[in-house]
Amino acid sequence: MADSVTSDDQKFCLKEVLDTFRLCLSENKEVYLEHYVAGWRGLVRFLNTLGSVFGFISKDAVSKIQILVSLLKGEDGSHYSTIQSMVKYELENQLVDLTKSGAHPTSGCRTLLRLHRALRWLELFLDSLRTSTEDSKTSVLCSVAYNESLAKFHSWVVRKAAGMAFCLLPGRQDFFDIMNVGTPEQVVAMLGEAVPLISEVYQITEDLYAQHNILDLP
Ligand SMILES: CCCCCCCC/C=C\CCCCCCCC(=O)N[C@@H](COP(=O)(O)O)[C@H](O)/C=C/CCCCCCCCCCCCC
């Protein structure tokens with residue numbers, strides 16, 4: 001299982017990640033968990049190219065991906081085909097710790113919420129990369145996006161560790177090269193497609209969680 005989640009042998013390609021997130025949305029705007037998880041898997045591949053200093057972030061993301069993959073492949077997997085069906089199934093069957101961690105510390109709802117919050121960071125970060133200029137610093141763009149989104153859910157220690165890791169991000173051009181898209185203009189154009197898509201997936205999930213009052217799961 002770990003190999004299929006973390007495999008580093010494939011080269012990162014932003015287009016593939018974009019295509020995967022595109023597959024996430026059904027006609028009636030449900031979010032397919034299989035493709036959502038595959039999108040994260042692709043992003044982790046990018047993270048893994050940045051070096052061991054990002055290992056603690058990658059490890060956390062991979063463990064959450066693994067939890068969701070296990071649920072999807074488990075005997076109740078049919079209830080996990082979309083985020084909507086997962087939320088309905090887990091809530092109806094009291095499979096979620098709603099106020100404090102208890103019998104279900106690794107529920108799908110709780111686990112996905114952590115990735116969902118990170119998706120907001122990704123949306124903000126990619127949008128700032130899209131509008132950045134040649135002299136923009138990826139470390140600054142990344143921490144601004146982080147402080148506006150994920151940081152409020154993290155402890156002081158995690159925030160400090162993340163801040164230190166951001167300082168070691170490659171520069172804008174190297175970053176664009178790893179995306180494996182082409183010229184900076186082509187990268188910017190692809191980011192212009194990726195950001196609204198990620199934003200839509202984020203918003204649908206956010207609305208669903210708000211509707212069920214599960215945006216603060218412990
Ligand atoms: C398209 C190419 C450009 C962008 C590529 C981005 C690649 C990013 C890949 C993965 C992002 C990491 C996702 C991190 C999920 C974090 C989930 C989380 O919040 N976990 C915390 C809470 O979990 P529980 O304890 O409640 O189970 C956990 O405490 C976190 C621990 C690790 C630190 C997380 C720091 C997150 C920083 C996100 C920015 C990543 C920077 C990547 C730089 C490109």
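Helices here are DSSP runs of H or I of at least four residues, numbered from the N terminus. On that basis, this predicted model reads α-α-α-α-α-α-α-α-α-α along the sequence. The chain's radius of gyration is 17 Å, close to the 17 Å that the globule rule gives for 218 residues, so the chain is as compact as a globular protein of that length.

**Overall fold**
- The count is ten helices and zero strands.
- Along the principal axes, the C-alpha atoms fill a box of roughly 50 × 40 × 35 Å.
- Of the 218 residues in the chain, 31% are buried.
- Take the contacts between residues at least 6 apart in sequence: 69% of them join residues at least 24 apart.

**Helix α3**
- Helix α3 covers residues 33-48, which is 16 residues.
- At 1.5 Å a residue it should span 22 Å, and its end C-alpha atoms are 22 Å apart, so the two values agree.
- Its buried residues include Trp40, Leu43 and Val44.
- Arg41 and Arg45 are also among the buried residues of α3.

**Ligand shell**
- The ligand is surrounded by 23 residues.
- The closest are Leu43, Leu47, Asp60, Arg114 and Ala118.
- Two or more shell residues come from each of α2 (14-23), α3, α4 (55-73), α6 (108-130), α7 (138-148) and α8 (156-166).
- By class, the shell holds 19 nonpolar residues, one polar and three charged.
- Leu43 belongs to both pictures: it is buried in α3, and it is one of the residues closest to the ligand.

Note on methods
Residues numbered from 1 in each chain as written. Predicted model: local features only at pLDDT ≥ 70, side-chain atom pairs only at ≥ 80, totals over all residues. Expected span 1.5 Å × (residues − 1). Buried ≥ 20, exposed ≤ 12 C-beta atoms within 10 Å, placed from the backbone. Rg over C-alpha atoms; globule rule 2.2 N^0.38 Å. Contact = placed C-beta atoms within 7 Å. Near = placed C-beta within 6 Å. Nonpolar A, V, L, I, M, F, W, Y, C, P; charged D, E, K, R; others polar.
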